[in-house]
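User: Hey, I'm new to this one. Can you walk me through it?

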Amino acid sequence: MQTRRIDTGYEMTLLPPLEQLVPADHRLRKLNRVLDLSFVHDAVRDRYCQDNGRPSVDPEVVLRLFMLQAIEGIRSVRELMNEVQVNLAYRWFIGYRMDEPLPDHSTLSRALDRFGDDVFNTLFARSIAQCQDSGLLDGRVLHLDATVIRADIDKNRVGQPGSSDPDARFGHGAGGRKEPGYKQQTVVDDTSRVIVGLEVMPANVHDTENGVRVVDQARAHLGRSPEAVCADAAYANGPNAAAMEERDIRWVSPPQRPRTTSKERYFTIETFAYDERRDVFTCPAGQTLRFIGVPKDRPDRRKYRAPRGACRVCPLKDQCTQASVRELKVGVHHAALVRLRADRDTASFRRLYRRRSPVIEGVFGESKQWHGLRRAWRRGLSNMLIQSLLIAAVMNFKRLAAVTGPLLRYLQSIIRSLEGSQTAHTTINHKRSHRALTDLTPQMVGQTH
């Protein structure tokens, strides 16, 4: 029988508490289990008057709302608050009742200016620390790369006086298209895909500009150096190779094959053997090229030259140079680059490098597809950094929540089985049981990941 539903939208309805309406396996419940935002109030205490003025929105609520924006990839604060108004799980996550008025979107924007990026840096650092404390982080192999984020600005206003986003610059986005934006340098743990370091810069800054610095940031977060850092060929230069050697880190970044200005016609730098102890090169004909000085316009380069007259009678001159004598110009960190080129051809180097793309490109894809990193939500370098830190922290907490849930259930099942056993040899000793469960944790993290 055909029926028509009567509109009940205006009838009074008594509903149970939000706690009962949000499913036990909801993603926000899982995330909330691993969240500890108790630091927020102390972190922003000096940004509020403590004994005068109107009551503020709880700073933890503000942070939870911005985390919701990152969790769901919502582009604007206004849209975020529209969603929170009607979504029961969102209200539960921020601790608001169904009938409780929500903060205005303008209040959130002002709170963001009040907070600055310190709070979000702390949130990101704590997400890493919690992953490490849980045993989730391995930290032996890290991957470094950069991704471009489209700025919220018209192309014709980039770099112009009065631009709404004075920090945005042109870079190469998806498909090689030139577009205004920012670049996020990111360091990711190989086994867990936890983000352990990031920096944000204008899109026209070269990838190698802050590569070492963001690796140092990751080392500080982890409290130790990794065994290896993998990066694409854009990072493979002498300064980076030397910096990683100083830190006792294997630099897995394949350098380009060197060329001369005439491409393949003449011998390249690789055909000249370098003796670092004597600081000399030896050419294929056996002549020694010695250091003769530093170019005036390039203090980061060094010049080497063969003996005068040696090249004129050399049988290999046609393959070496058309000048009267062969000169070499190399970077001051050439020795490190030589060692990197030798390592590039080893099987272990290739094996490590193959892991780079699936891990870090997968992290970039996830952050852009699901969490809103594809485009800047707000304008300015500081706001772009806050967005990146929020998204990275949320992704780290996701990794932690995915492991912690199965692990806790497993440990609880062990406790129940131990407590149920009454044999003479299985009397429960609480301290010993706690120690045994703690010892099981790292192994179980690997199984549940």
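User: What should I know before we start?
Analyst: It's a predicted model, where local features need pLDDT of at least 70, side-chain atom pairs count only at pLDDT 80 or more, and totals for chains, interfaces and linings use all residues. Residues are numbered from 1 along each chain as its sequence is written, and side-chain values use heavy atoms, with hydrogens and water left out.

User: OK, how many residues are in the largest nonpolar core?
Analyst: There are 106, and Leu 68 and Phe 120 have the most contacts inside it. A nonpolar core here is a set of buried Ala, Val, Leu, Ile, Met, Phe, Trp, Tyr and Cys residues joined through side-chain atoms within 4.5 Å. Buried means under 20% relative accessible area, exposed over 50%, and partly exposed in between, using a 1.4 Å probe and protein chains only.

User: Which helix gives the most to this core?
Analyst: Helix 14 (residues 381-420), with 14 residues. Helices (H or I, at least four residues) and strands (E, at least two) are DSSP runs, numbered from the N terminus.

User: And what is Leu 68 in contact with?
Analyst: Leaving aside neighbours within four places in sequence, Leu 68 touches Leu 28, Leu 80, Val 84, Tyr 90, Phe 93 and Ile 94. Contact means heavy atoms within 4.5 Å.

User: Switching topic: in what order do the strands of the open sheet go?
Analyst: The order is 7-8-9-10-11, with antiparallel pairing. Two strands pair if DSSP finds at least two bridges between them.

User: Which strands stand at the edges?
Analyst: Strand 7 (273-275) and strand 11 (327-331); each has a single partner strand, so one side of each is left without a neighbour in the sheet.

User: How many bridges join strand 8 to strand 9?
Analyst: 3 bridges do, and the two strands run antiparallel. Thr 282 stands opposite Thr 288 in strand 9.

User: Now the largest pocket: which residues lie nearest its centre?
Analyst: Arg 259, Ile 269, Arg 301, Lys 329 and Val 330, out of 36 lining residues. Strand 11 gives the most to that lining, with 5 residues.

User: What counts as a pocket?
Analyst: On a 1 Å grid over the protein atoms alone, it's an open set of points where a 1.4 Å probe fits, with protein on both sides within 12 Å along at least five of seven lines; lining residues have an atom within 4 Å of a point.

User: Last one: is Asp 248 buried or exposed?
Analyst: Exposed, with a relative accessible area of 67%. Asp 248 is in the loop between helix 10 and strand 6 (250-252), and its phi is near 60°, a positive value in a residue other than glycine.
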